[in-house]
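Please examine the sequence and the three-dimensional model shown below.

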Amino acid sequence: MSSSESLFTRALQLIPGGVNSPVRAFRSVGGSPFFVKAAHGATLVTADDRELIDFVCTWGPAIHGHNHPRIKAAIAHALEHGTSFGTPNPSEVEMAELIVSFFPSIQKVRMCNSGTEATMSAIRLARGFTKRDKIIKFSGCYHGHSDSLLIKAGSGALTHGNPDSAGIPAAFAAQTVVLPFNDPTALDAGFAANPGQIACVIIEPYIGNTGFIQPDPGYLQHVRAACTAHGALLIFDEVMTGFRLARGGVQELENIVPDLTTLGKIIGGGLPVGAFGGRADIMNLIAPLGPVYQAGTLSGNPLAMAAGIAALQLLDELNPYARLDALGRQLRDAVLAAARAKGLPVQVPQCGSMFTIFFADQPVRDYDTALRADATRFGQFFRACLAGGVYLPPSAYEAGFISTAHEGAAIDRACTVLSRAIKEL
Ligand SMILES: *Cc1c(COP(=O)(O)O)cnc(C)c1O
């Protein structure tokens, strides 16, 4: 078996940056990435035969830990019958019934292959339904890499954004308004500056993609009310938070009914998947019922459905949310105690099994305050944790994830390693 170093050298020749998704390249924490040859429970096994306690959990999906026996068995069973049929298959119906039972706001649902496809399609649907072109998104919320969503705030922020990637036409950016999160006044101003033009507001209701950031009390209620008042649809992007922070995601915790919801990650049980759903009168506009086109050769894939169904059934059986929150608090409290002993300013926003360690002296409540955190110190901390056998997200601006497999020895050991890393900063 090749070492991580030799694999990375080979990868760099043929794969841009040596990786198939940029955050894996370790650019923001320094060093080069390790390759993983196996994963089980809370543990990654690297190509160099190191065992690491994993707080990335494949960026969210692995809420039951890696390679859970029930999910593995479900995939193996589905495999007996074939990998893809190109026709409707029974597990798609079962999956739809499960999703609707977890998310009361979803009356109809369409499966796709990634979170990016889910948000892209939900936005097309919102535009088709409202017959309006513009959308509102928030700085620091990530919704996948489609053109309308890789937009950052521009000089005319209230009316249009700027491309956040080369290759995105300015004409697309002109249709996306990017506003600060947690700022009700900015949202009202955004609606006022674009009267009758906003098709939808898309939001990560609890942000997981600038690190973990929670909204102020009442903020999401304000967003809901503003959408209703202006005839815009509200899209909750719960690709990360759905099934993770509660059975029914943030909308259950906050008691809010969005018009559309996008899902992914956990519903694939570790295989590629996405979904979007919501009010039946809106969903009925999708082809073949209506004029909004959306399709996918592998959508509703029987292996992905089997893995996802097993993951959701496990959530139903275990109801792990209180246990996961206890693990999250244990980790947070250990970091806060070590930082206090050292006199180091640190913020550890945490809810259930999501958390971020920001080296900042002020609470992080939006993109701008997240950027004030000390990323250099985070890099140092990250490398010390990795040396101690704990893998945190390789960026100062990503959320960490905990699984039920972390219970017991893994979380205790991680608390020791993180505390020591802080002490030695
Ligand atoms: C991961 C993520 C996406 C994109 O999902 P992919 O499967 O990576 O395309 C979209 N929205 C949110 C909130 C995410 O966390």
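Helix α13 (residues 375-387) and helix α14 (residues 409-423) have axes that come within 9 Å and cross at roughly 135°. Axes are lines fitted to C-alpha atoms, for helices over the stretch in contact, and angles run from 0 to 180 degrees between N-to-C directions. Helices (H or I, at least four residues) and strands (E, at least two) are DSSP runs numbered from the N terminus.

This is a predicted model, in which local features need pLDDT of at least 70 and side-chain atom pairs count only at pLDDT 80 or more, while totals for chains, interfaces and linings use all residues. Residues are numbered from 1 along each chain as its sequence is written, and side-chain values use heavy atoms, with hydrogens and water left out.

Phe381, Ala384 and Cys385 of α13 make the contact with Val417, Leu418, Ala421 and Ile422 of α14, where contact means heavy atoms within 4.5 Å. These residues comprise seven nonpolar, no polar and no charged; Ala, Val, Leu, Ile, Met, Phe, Trp, Tyr, Cys and Pro count as nonpolar, Asp, Glu, Lys and Arg as charged, and the others, Gly among them, as polar.

| Helix pair | Angle between axes | Distance between axes |
|---|---|---|
| α2 and α10 | about 150° | 8 Å |
| α6 and α7 | about 10° | 10 Å |

Because of their angle, α2 and α10 are roughly antiparallel to each other, and their crossing is right-handed. From α2, the residues Arg70, Ile71, Ala74, Ile75, Ala78 and Leu79 meet a set in α10 that includes Pro302, Leu303, Ala306 and Ala307. By class, this contact has twelve nonpolar, one polar and two charged residues.

Helices α6 and α7, in turn, are roughly parallel to each other, again with a right-handed crossing. Pro184, Leu187, Asp188 and Phe191 of α6 make the contact with Tyr219, His222, Val223, Ala226, Cys227 and His230 of α7. Seven nonpolar, two polar and one charged residues take part.

**Pocket and cavity**

The second largest pocket holds about 340 Å³ of space. Its lining consists of 17 residues, and Thr87, Pro88, Glu92, Ser299 and Gly300 lie nearest its centre. The elements giving two or more residues to this lining are α3 (90-102) and β4 (108-112), with β4 supplying the largest share, three residues. On a 1 Å grid over the protein atoms alone, a cavity is a set of points where a 1.4 Å probe fits but cannot get out, a pocket is an open set with protein on both sides within 12 Å along at least five of seven lines, and lining residues have an atom within 4 Å of a point. Grid points are joined across faces, edges and corners, and a volume is the space filled by probe spheres set on the points.

A search of the whole structure finds one cavity of 30 Å³ or more. The largest cavity has a volume of about 50 Å³, and its lining includes Phe355, Phe378, Leu392 and Glu398.

**Backbone features**

The peptide bond from Ala287 to Pro288 is cis, with omega near 10°; Pro288 is found in the loop between α9 (280-283) and α10 (302-318). Asn67, although not a glycine, has a positive phi of about 50° and is placed in the loop between β3 (51-54) and α2 (69-79).

Terms used: Angles under 35 degrees count as roughly parallel, over 145 as roughly antiparallel, 65 to 115 as roughly perpendicular and the rest as oblique. A crossing is left-handed if the near helix is turned anticlockwise from the far one by less than a right angle, and right-handed if clockwise.
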